[in-house]
Amino acid sequence: MKKLFALRGAVQCENTQVDICNRIKQMYDELLSLNNLDEKDIVSVILSVTRDLDAVNPSSALRKSLGANTRAGELSLFSVQEPDCVNSLERIVRVIIHCYLEEGSNLRHVYRNGAEVLRPDRAANN
């Protein structure tokens, strides 16, 4: 039986459209691969971005990078800006993917390219 879960991830990017698109796509692909997740089981994808990353909207970047061979046009994508807090890690895109996976699944989260410091306990699991 499947149950609703939330997969998390974060990646640090350079403020260029190319780097943001590439890093978000890599994070997304890795989350799907590590969790044996089929896009048809995704309910929604929420991306947050720090204020210093303004070269491209992260939802647009993900949709564009997924291309025509996926459910990109059907996925519910939403982007928000992270609160601007003192001592926050810069140039970060975070993601939460709400999805259905088999009950008892061992969730694998993805923190890459400098974002590992946000959740070293989760980053070590990969």
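A residue is called buried under 20% relative accessible area, exposed over 50%, and partly exposed in between (1.4 Å probe, protein chains only). By this criterion, 37% of the 126 residues in the protein chain are buried. The model is predicted: local features need pLDDT of at least 70 and side-chain atom pairs count only at pLDDT 80 or more, while totals for chains, interfaces and linings use all residues. Residues are numbered from 1 along each chain as its sequence is written, and side-chain values use heavy atoms, with hydrogens and water left out.

Secondary structure is taken from DSSP runs (helices H or I, at least four residues; strands E, at least two), numbered from the N terminus. The chain holds 3 helices and 5 strands, in the order β-α-β-α-β-β-β-α.

A nonpolar core is a set of buried Ala, Val, Leu, Ile, Met, Phe, Trp, Tyr and Cys residues joined through side-chain atoms within 4.5 Å. The largest one has 29 residues, and among the members touching the most others are Tyr28, Val45 and Leu62.

Contact means heavy atoms within 4.5 Å. Not counting residues up to four places away in sequence, Leu62 touches Ile24, Tyr28, Val45, Leu47 and Leu77. Of the contacts in the chain with a separation of 6 or more, 80% join residues 24 or more positions apart.

Strand β2 (residues 42-49) contains Ile46, which is partly exposed at a relative accessible area of 31%.
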